[in-house]
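Me: I am new to this structure and would like to know what the labels on it rest on. Could you take me through them one by one?

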Amino acid sequence: MNKRKMFVRIVLSSIMRRRSRVLIAMVAVAIGATTLASLAMITIDVPRQMAREMRSYGANMVVLPKGDHDSFPPAVLDEIKGDLPDTILIGSVGLEYQPITINGLPYVAAGTSLKAAREINPYWYVDGQWPTKPGQVLIGREIARATDVKVGDSLTLTQLIGESPSAPPAEPDTLEAKGHAADGHAADGHAAHMAAPGQLTNEGGKPIAPPDKKLKDAAPGGGADMRELKVVITGVLETGGSEDGFVYLESADLAELTGKPYQLTVAELSIAPKEESIEALATRLTTAHPQINAEPVTRLTHSDANVLEMLRSLMAIISLIVLALIMIGVSTTMMAVVTERRNEIGLRKALGADNRSIVGEFLGEAVVLGLVGGALGAAMGYGLAQVISLNVFHRTVAFQPLVVIATVLVSVLISTLASLFPVRRAIDIDPALVLRGE
């Protein structure tokens with residue numbers, strides 16, 4: 001039998017002879033390892049899941065056109081999405097804002113992919129239904145109240161597309177003539193001679209503009225050409241934010257209203273970064289795409305970081321407390337073992353055993369305690385992490401092999417460190433005192 005086999009046999013024999021005490025120490029290590037493994041798995045996996053969950057509360061990065069440009073092509077957003085791994089990109093949406101009027105009142109229309117807007121803003125409350133086909137819109141709560149419209153009503157969106165340089169202001173005679181035309185009065189023969197066929201005239205026979213054109217010219221922004229789009233309201237949007245003052249419609253509908261190709265005024269991204277911070281990610285995107293300027297939403301980013309940092313700090317404090325308890329439990333048990341074996345150790349030293357062999361034997365027991373207790377604790381820790389995560393965070397945690405390995409190694413290390421003081425007491429035993437029975 002070589003020395004290594006002899007050493008293993010001595011250690012196992014020592015453990016078996018004092019299995020009740022060793023079992024207590026092993027249980028202490030296993031309980032500690034269980035707590036450590038479960039906290040580690042929760043600390044690693046739950047914040048990652050919570051980070052993705054927090055992204056459901058809105059975008060944390062906005063992309064704006066750079067320089068003097070007021071828009072950028074939708075293809076740029078596609079390129080940005082291609083630069084981001086699917087594992088960190090929760091959602092994205094591009095929007096084009098355009099001024100419109102509804103019943104003569106100025107508002108803002110937001111052309112977008114309503115499906116993407118719904119995915120990136122799941123917290124939006126919609127009274128009614130999200131639009132499912134062209135010609136349907138979401139209207140903000142403030143606009144609905146101001147214009148007294150509701151779900152199912154038809155609405156005409158109007159946009160001024162250019163000022164008419166010769167557009168005259170409304171004149172009293174033309175308004176009077178409007179009354180004639182509206183009442184169905186026919187013009188006299190002289191007036192009919194001066195006016196073109198089908199054209200309205202005043203009492204003096206002077207040609208006048210059609211009544212609706214006159215009314216448009218007299219309204220705010222009068223004198224401008226207009227484009228109109230009739231839509232149906234399928235839902236009233238209420239977020240408590242600026243969205244309540246917008247009309248959301250599909251990008252194709254907005255392009256039809258403006259008569260221009262769809263361009264993005266802003267793009268919003270919801271990102272759960274892993275290896276690099278959201279600020280570093282924004283800088284990288286801005287550098288890679290010269291047309292845009294990516295900026296993190298500081299308020300949301302800091303809120304996410306603060307919550308996750310507090311959770312990690314809490315887990316770290318609990319882990320330190322558990323490590324201290326493991327060391328106290330193992331050290332106390334090993335001290336009891338040393339006291340119990342005092343006569344045996346003194347006799348061995350009297351027969352010529354050196355301190356190295358005694359230290360090796362006790363540290364060998366500590367390593368066995370750490371290995372067995374740590375392995376049991378790591379297995380039970382995964383189960384405990386699942387129970388805690390399901391009951392507290394309502395989600396499961398993924399199995400982390402590295403956490404299992406780290407738990408076993410930490411258990412061995414803590415058991416070894418906790419045995420140093422009892423080992424010191426063991427090598428200080430004076431064989432002469434033991435032989436004298438003192």
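Reply: Gladly! Let us start with Asn103, which sits in the loop between β2 (89-102) and β3 (105-112). This is a predicted model, in which local features need pLDDT of at least 70, side-chain atom pairs count only at pLDDT 80 or more, and totals for chains, interfaces and linings use all residues. Residues are numbered from 1 along each chain as its sequence is written, and side-chain values use heavy atoms, with hydrogens and water left out.

Me: Why is Asn103 called exposed?

Reply: Buried means under 20% relative accessible area, exposed means over 50%, and partly exposed lies in between (1.4 Å probe, protein chains only). Asn103 has a relative accessible area of 62%, so it counts as exposed. Its phi is positive, about 55°, although Asn103 is not a glycine.

Me: What makes Asp148 exposed?

Reply: Its relative accessibility is 68%, which is over the 50% cut-off, so Asp148 is exposed. Asp148 lies in the loop between α5 (141-147) and β6 (154-163), and it has a positive phi of about 55° without being a glycine.

Me: How many helices and strands are there, and what makes a stretch a helix or a strand?

Reply: The protein has 15 helices and 10 strands. Helices (H or I, at least four residues) and strands (E, at least two) are DSSP runs, numbered from the N terminus.

Me: Why is the contact between Glu361 and Arg341 called a salt bridge?

Reply: A salt bridge is a side-chain nitrogen of Lys or Arg within 4 Å of a carboxyl oxygen of Asp or Glu. For Glu361 and Arg341 the N to O distance is 2.3 Å, so the pair qualifies. Glu361 is in helix α13 (residues 355-393) and Arg341 in the loop between α11 (298-340) and α12 (342-350), so the bridge ties together parts that are 20 residues apart in sequence.

Me: Are Glu361 and Arg341 buried or exposed?

Reply: Glu361 has a relative accessible area of 2% and Arg341 has 0%. Both values are under 20%, so both residues are buried.

Me: Which other salt bridges involve these residues?

Reply: Arg341 also meets Glu365, at 3.1 Å from N to O. That pair links distant parts of the chain, 24 residues apart, with Glu365 in helix α13, and both Arg341 and Glu365 are buried. Glu361 also meets Arg348, at 2.4 Å. Arg348 is in helix α12, so this bridge ties together parts that are 13 residues apart in sequence. Arg341, Glu344, Arg348, Glu361 and Glu365 are linked in a network of salt bridges, and the whole structure has 8 salt bridges.

Me: How do you know that Gly373 is buried?

Reply: Its relative accessible area is 0%, which is under 20%, so Gly373 counts as buried. Gly373 is in helix α13. Leaving out residues up to four places away in sequence, it touches Met26, Val29, Ala30, Ala33 and Val368, where contact means heavy atoms within 4.5 Å. Gly373 and Leu23 are 350 residues apart in sequence, and their C-alpha atoms are 9.4 Å apart.

Me: What makes Val367, Leu371, Val372, Leu376 and Met380 a nonpolar patch?

Reply: Patches are made of residues with over 30% relative accessible area and no salt bridge: nonpolar side chains (Val, Leu, Ile, Met, Phe, Trp, Tyr) are joined within 5 Å, like charges within 9 Å. Val372, in helix α13, has 33% relative accessibility, so it passes the area cut-off while counting as partly exposed. The five residues have about 390 Å² of accessible area together, by the Shrake-Rupley method with a 1.4 Å probe, where for residues only the protein chains shown count as cover.

Me: Why do the buried residues of α10 line one face of the helix?

Reply: In helix α10 (residues 278-288), Ile278, Leu281, Ala282, Leu285 and Thr286 are buried. Seen down the axis, these buried residues fall within an arc of 135°, so they line one face; the arc is that of the directions from the helix axis to the C-beta atoms. An α-helix has 3.6 residues a turn, so residues three or four places apart point the same way.
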